[in-house]
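Keep the 3D view open as you read.

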Amino acid sequence: MISDDYLKYPRRRYGMDHDRYEWSMLHARAKVAWPNGARIALWVTPALQWFPLDQQGKPFKPLGSLQTAYPDLRHYTLRDYGNRVGIYRIMKALDRHGIKASVPVNAAVAARHPSLVRECAARGWEIVGHGLDMDHLHYEGMAEEETLIAKSLEILRKFSPVRGWLSPAKSESKATLDLLAKEGIDYVCDWVNDDMPYPMKAGGKTLYSMPHSADVDDATILIGMHHDEDELRDQLIDHFDVLYEESATQGGRIMPIPLHSWVIGQPYRIGTLETVLAHIMRHKGVWPATGAEILDAWKAGGGA
Amino acid sequence: MKRDPGLYDYLPYQGRPKIEWPGGAQVAFWVAPNIEFYELEPPKNPTRVAWPRPAPDVHGYSYRDYGNRAGFWRMMEAMERCGVRGSVSLNVAVCDHHPEIIKACVERGWEFYSHGTYNTRYMFNMSEDQERALIQDSIDTIKQHTGQRLDGWLGPALSYTENTLDLVAEMGLTYICDLFHDDQPGPVKVRKGRLTSIPYSLEMNDAISFVVNWATPRHYGDIIRRQFDRLYAEGAESGTVMCIPLHPYLIGQPYRIKAFEEALAYITGHDKVWLATGREIARHFTENYYDAFAKASLAVGEAP
């Protein structure tokens, strides 16, 4: 028998069932004006991740995790490929268009390969916090989350200022946002409920959610859904085309391209990214920018 | 358990020493058919279940057996028409079960390297002595049935212990196909001896493409061409390696073989391609570039 409490609805009210952010409809908001009359802010985020060989997978195994019995050299090295080879192909593809990425970096990658993060920073890429590694997810009841966040940011901030955060596998505890705000983080990329930034309440401060899609993501489409590279191309282009069209009447939009260097950085896949970027960049009014630049412009351009 | 296998240092895929393949080739291209034997009733392994269905798994077993009865011969002829020698990733028990296949490979000048004894005998949990016995079996069986010295290794069903690669090097083998971190060969850090990793590519592996990624036969042909085009272009800077690992039970199906053969012919139709075997690629790298690559590599920092 189920308890009668099951039929009580204490948070049944207008708007959200929590106080983290306000209910707000995309179409009903003021138009946002990007710098120089741009229509689309292009935001490319190739993640640098490390899946440790002794991965425990708590409280779940994110996409791309190790799979076989220990030692799973197969998946360990396939993921490590991204930090060693794949990311350098992405750099070339972005350099061709003068696009600066926002690069979510597991702090462990920065500790293991400081030259790689220096290379990203030297390109003017924005360094975004991405937790410690792919085996340190954030979850309710985890130990020492505050220390984990502080340690991760301390490592990354030796390379550059860090204003943005993407939790590994977009995982959060109830406290994550509050702790991030306390550490001076301005925006977070974990929530996938909007196409534009919006404010969140975080421990007495305001944090902004940035629209880092989990849908038009190379790993989601190619690995998760088993669609092929031509589908990835079509879906990214279709996503852009709709946003571009909307921007004619609804104000500036953001085109996110979330990537994984171990996925899109493969020789047979990098051309897909090049094709998509060529399509996007041939349009008038495309502004390639980092997450922090987009957030600042959104605030200045009537979003906040 | 180790967090990092500690098998290689960091060498970013830019500004590397220039590899020059024989004849001015930009890509060293090799095809690695996995000639395998899966036992109908393998002994139980504490770590991995051999068949998804209860014994006898008639479907799983007979699907693999198709490769040896039918698929191999179709695949061999397609390769022969394109002038490509195979580097056989051999479960050495095939020498006893199906000597006709071994003979056909020997007659065509194909190389044999070891993929363990059976694809249903995993190296997980083995003692060093057990591993040594298994490796020695491969050395002896390949010598006896093919006259060849055993130079290369690919763990049976990609199974390992922490010691496997150390032991393989100690016992005189010179290259491994077990690491998927790169598109060029590289030094492997082992206890004793000198071991080279050569790219075997799971991404181009027919089993990964068809069984894991659900690629169609024509799409498989497309991504082979794309992989080649990229590695061919990049090889002008420093020679790359492209491998196509095959499984006769998959690629040897009538509905798949044509699209594959067309892709193979596309590759062999280029002039700056070195059609090589695993041993030849490893030897050329080890003799000419191993030291330069080791010297250019950066130590991996400690992850917190």
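**A walk through two chains**

A:Gln55 is buried, with a relative accessible area of 12%. Here, buried means under 20% relative accessible area, exposed means over 50%, and partly exposed lies in between (1.4 Å probe, protein chains only). You will find A:Gln55 in the loop between strand 1 (40-47) and helix 1 of chain A. Helices (H or I, at least four residues) and strands (E, at least two) are DSSP runs, numbered from the N terminus.

Before going further, please note that this is a predicted model, in which local features need pLDDT of at least 70 and side-chain atom pairs count only at pLDDT 80 or more, while totals for chains, interfaces and linings use all residues. Residues are numbered from 1 along each chain as its sequence is written, chains are lettered from A and ligands numbered from 1 in the order in which they are written, and side-chain values use heavy atoms, with hydrogens and water left out.

Back to our residue. The side chain of A:Gln55 makes a polar contact with the side chain of A:Ser65, at 2.9 Å. A polar contact is a pair of N or O atoms within 3.5 Å; within protein, one must be able to donate a hydrogen and the other to accept it, and residues adjacent in sequence count only if both atoms are side-chain atoms. Leaving aside neighbours within four places in sequence, A:Gln55 is in contact (heavy atoms within 4.5 Å) with A:Pro62, A:Ser65, A:Leu66, A:Met134 and A:Asp135.

Now zoom out to the whole of chain A. Its secondary structure comes to ten helices and nine strands. The radius of gyration of chain A is 19 Å, close to the 19 Å that the globule rule gives for 304 residues, so chain A is as compact as a globular protein of that length. The radius is taken over C-alpha atoms, and the globule rule is 2.2 Å times the number of residues to the power 0.38. Along its principal axes, the C-alpha trace of chain A spans about 55 × 50 × 40 Å, and 56% of its 304 residues count as buried. Towards the end of the chain, helix 10 (residues 291-300) has several buried residues, among them A:Ile294, A:Leu295 and A:Trp298. Just after helix 10, A:Gly302 takes a positive phi of about 100°.

Chain B has eleven helices and nine strands. A compact globule of 304 residues would have a radius of gyration near 19 Å, and chain B agrees with its 19 Å. Buried residues make up 59% of the 304 residues in chain B. Among its contacts between residues at least 6 apart in sequence, 76% join residues at least 24 apart.

B:Ala78 and B:Phe260 are 182 residues apart along the chain, with their C-alpha atoms separated by 8.6 Å. Not counting residues up to four places away in sequence, B:Ala78 touches B:Ile257, B:Glu261 and B:Leu264.

Which residues have the most contacts inside the largest nonpolar core? They are A:Ile257, B:Trp30, B:Leu90, B:Tyr200 and B:Met242, in a core of 172 residues. The largest share of this core, eleven residues, comes from helix 1 (residues 73-95) of chain A. A nonpolar core is a set of buried Ala, Val, Leu, Ile, Met, Phe, Trp, Tyr and Cys residues joined through side-chain atoms within 4.5 Å. A second, separate core of 20 residues includes A:Ala38, A:Ala41, A:Ile254 and A:Trp287.

B:Tyr200 also has a polar partner: its side chain makes a polar contact with the side chain of B:Asn34 (2.9 Å). B:Asn34 is found in strand 1 (residues 27-35) of chain B and is buried, with a relative accessible area of 2%.

Finally, look at the cysteines. How many disulfides are there over all chains? The count comes to zero, where a disulfide is a pair of cysteine sulfur atoms within 2.5 Å. For B:Cys105, the nearest cysteine sulfur, that of B:Cys95, is 9.6 Å away. B:Cys105 is buried, with a relative accessible area of 1%. For B:Cys177, the nearest cysteine sulfur belongs to B:Cys243, 7.1 Å away, and B:Cys177 counts as buried at 0% relative accessibility.
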